[in-house]
Amino acid sequence: MYIIMLGKPGSGKGTVGKMLSEELGIIHISSGELFRSYVKKAGTIGKEIESYISKGNLVPDELAIQLVEKRLEESDCKNGVILDGFPRTVNQAKELDKFLNKHNSKIDIAVELELSDEDIINRIVKRRVCSNNECREIYNLEFKKPKQEGICDKCGSELIQREDDKIETVQQRLKTYHETSEKLVEYYKNKDLLYAVKININSGKTSEDVAKEVETYLQNK
Ligand code: ADP
Ligand code: ZN
């Protein structure tokens, strides 16, 4: 099964994607995490990627597609994937369709998490992530506090703020979303693959609730 997670930066794609991955037993791949792992390695590709990420801009399509497809060809992806953060442009979506077609596969559903820009900004500046690459658990200082301040519940590593979660970069990422990635909602709607979940921060709907809603939808489909 191939599930695409759509939504603004910080909409909860990663958190919900990871929950779905555990429930459904299929691997979760975040293009952002994949790209940050290249940045950590600090080679030529990593340096190039960093120059885009740090400004809140997209990694160019050609490079993004190449790296994600390489990852999708690994053996742990053969039963399907929950793809979070990819595709982010219509061009990437078309290339992904071609890639899956070649592998006799297709997308089953595109889940869109809908939040207002205001809620997004509120959320991202309070986001903290586990610094342990193997874990990468996501926290929120308001909605999902760690039991012990600054420490990951799951693995005990230090929690950090992502470099691009600063307010200026967040605004640029939102702009990029509206200019480019928003068009994907229409793309999947036209293919009758879109499942949108509206989230209002004050409604008390948790990421668990959202993940359950998606699972129920998938079971009845
Ligand atoms: P978020 O969804 O919270 O913005 P991600 O971890 O998904 O965070 O992405 C972080 C950054 O990585 C993006 O701002 C962008 O620079 C880059 N990136 C991630 N996925 C893609 C993609 N599919 N195409 C181009 N750039 C990407
Ligand atoms: Zn951890």
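Arg71 counts as buried because its relative accessibility is 16%; buried means under 20% relative accessible area, exposed over 50% and partly exposed in between, with a 1.4 Å probe and protein chains only. This is a predicted model, in which local features need pLDDT of at least 70, side-chain atom pairs count only at pLDDT 80 or more, and totals for chains, interfaces and linings use all residues. Residues are numbered from 1 along each chain as its sequence is written, chains are lettered from A and ligands numbered from 1 in the order in which they are written, and side-chain values use heavy atoms, with hydrogens and water left out.

**Arg71**
- Helix H4 (residues 61-72) contains Arg71; helices (H or I, at least four residues) and strands (E, at least two) are DSSP runs, numbered from the N terminus.
- Leaving aside residues up to four places away in sequence, Arg71 touches Ile27, Ile29, Leu34, Asp76 and Cys77, where contact means heavy atoms within 4.5 Å.
- Ile29 lies 42 residues from Arg71 in sequence, with 8.7 Å between their C-alpha atoms.

**Zinc ion (ligand 2)**
- Cys130, Cys135, Cys152 and Cys155 coordinate the zinc ion (ligand 2) through their SG atoms at 2.3 Å; donors are N, O and S atoms within 2.8 Å of the metal (3.2 Å for Na, K and Ca), and water is not among the atoms, so sites may look incomplete.
- The spacing of these donor residues in sequence is C-x4-C-x16-C-x2-C.
- Cys130 in strand S5 (residues 127-130) and Cys152 in the loop between strand S6 (138-140) and strand S7 (159-160) are 22 residues apart, a pair that links distant parts of the chain.
- Both Cys130 and Cys152 are buried.
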